[in-house]
Amino acid sequence: MSQPSDTGRASPRVTVQFDHPDRRYEPQDAITVRYRIEGLDGERTQAVEHSIAWYTEGKGEEDLGVHFFERVTDPARLPPTSNGGEFAARLPSSPLSYEGVIVKLRWCVRVRIFFQASRDFVSEHVFDVGRIPPTRVPPARSP
Amino acid sequence: MSTAIDRGDATRPSRIPANPFATRHTKPGAVAPLDHGGTPLDLPRLVRRLRGLRAAAIEGPHGRGKTTLLTALADAAGSAGTPVAVVRLRSRRDAWAALTAIVRAPAGSLVCIDSWERLGPGLAAVARAAARIRACLLLVTSHRATGMPALWRCETTPGLLAAIVARLPDHGGRVSRGDVVEAFARHDGNLRESLYDLYDRFERRVREPTAG
């Protein structure tokens, strides 16, 4: 999903490259992510945050765990001087990615760009940890 | 601070597409408040009306969007520079948090209390008196009349549910207009339960493509 900014400005594009092209990792694997930011249209940035996190998704309350976080404020590492970056971490033993019916657990990397004009942009990219197969549901009776 | 989110590849490499009816997409703050016809509400106008009333209620039965509107109005007032405090009453034991928020509120600030009826009549009267003394604005949600003017009465229609669904992430054609109408009718206009119903239909169809 892409939500346009409510300020009417063009949204930047963040492309991410995982060191595992299939985006599948095992618990305790090392993960390295490279990213590139495009489409800033000259808008000035204050900071870029990198995070590796998991979240639950489903019908109930959501949960979130941040495994890795880094905030970059050095102008030499920010656009327009640098239009990309890299970050790395070692994944934990758990929780594992899970595709349940009522609840799912997803791992993701996020690149968050803070602009000087009091707005920010979050780009989220999902990957898998572990190999739990998706839950199946019995054939539907109705609807 | 306004935040734009790009989850363009949120479903890769996951084997199951993301469910657009999950709480993260439908919770208050994630969905814009709409009127019964599906048109976005004029939030600045409602905030101005609230300033004139000083204390007002958003009324409606369960699952009609009261908290969604409360959250949006709190954000709109906050964006306009008004200090805002929001208290959600899960039980009467949270009454102290509501009273504390009012007593600590600066003059001209906005205190939002979700599920006002949980205060009970006595504490509600105390809270209203405290808000008057502190000269703060008071906005509450309630299932029934509060004695305060109604800023908005939340009513739902199948068209409203369809408008909400149209604003969620793409469901890939897995939910039809008939599903929306049926879910709305099955849950007597309760949008929360209707969206849970659509969540279940989506999950079933995405895992068993021949079903439904």
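What follows are my entries on two sheets, one in chain A and one in chain B, and on how chain B is laid out overall.

**Before starting.** I noted that this is a predicted model.

**Entry 1, the sheet in chain A.** I looked up the strand order and found an open sheet of three strands, S1-S3-S6, with antiparallel pairing. Which strands stand at its edges? They are S1 (13-18) and S6 (84-90) of chain A; each has a single partner strand, so one side of each is left without a neighbour in the sheet. On average, neighbouring strands here are turned by 20° against each other, if I ignore direction.

**Entry 2, one pairing up close.** I picked S3 of chain A, residues 30-38, and followed its pairing with S6(A). The two are antiparallel and share seven bridges. I wanted one residue pair to look for on screen, and took A:Ala30, whose bridge partner in S6(A) is A:Arg90. A reminder to myself: strands of a sheet pair through backbone hydrogen bonds, either parallel or antiparallel.

I checked how S2 of chain B, residues 55-59, is joined to S6(B): the two run parallel, with three bridges between them. On screen I looked for B:Ile58, which stands opposite B:Trp152 in S6(B).

Which strands does H2 of chain B lie across? I found that H2(B), residues 43-53, lies across S2, S5 (137-142) and S6 of chain B, and runs at about 145° to S6(B). Then I turned to H4 of chain B, residues 95-103. H4(B) lies across S3 and S4 (110-114) of chain B, at about 170° to S3(B).

**Entry 6, chain B as a whole.** I counted up the elements: eight helices and six strands. Read along the sequence, the pattern is β-α-α-β-α-β-α-β-α-β-β-α-α-α. The C-alpha atoms of chain B fill a box of roughly 60 × 35 × 30 Å along the principal axes. How many of the 212 residues of chain B count as buried? I noted 43%. Last, I looked at contacts in chain B between residues at least 6 apart in sequence, and 75% of them join residues at least 24 apart.

How values were computed. Residues are numbered from 1 along each chain as its sequence is written. Chains are lettered from A and ligands numbered from 1 in the order in which they are written. This is a predicted model: local features need pLDDT of at least 70, side-chain atom pairs count only at pLDDT 80 or more; totals for chains, interfaces and linings use all residues. Two strands pair if DSSP finds at least two bridges between them. Helices (H or I, at least four residues) and strands (E, at least two) are DSSP runs, numbered from the N terminus. Axes are lines fitted to C-alpha atoms, for helices over the stretch in contact, and angles run from 0 to 180 degrees between N-to-C directions. Two residues are in contact if their C-beta atoms, placed from the backbone, lie within 7 Å. A residue is buried if 20 or more other C-beta atoms lie within 10 Å of its own, exposed if 12 or fewer, and partly exposed in between; C-beta atoms are placed from the backbone.
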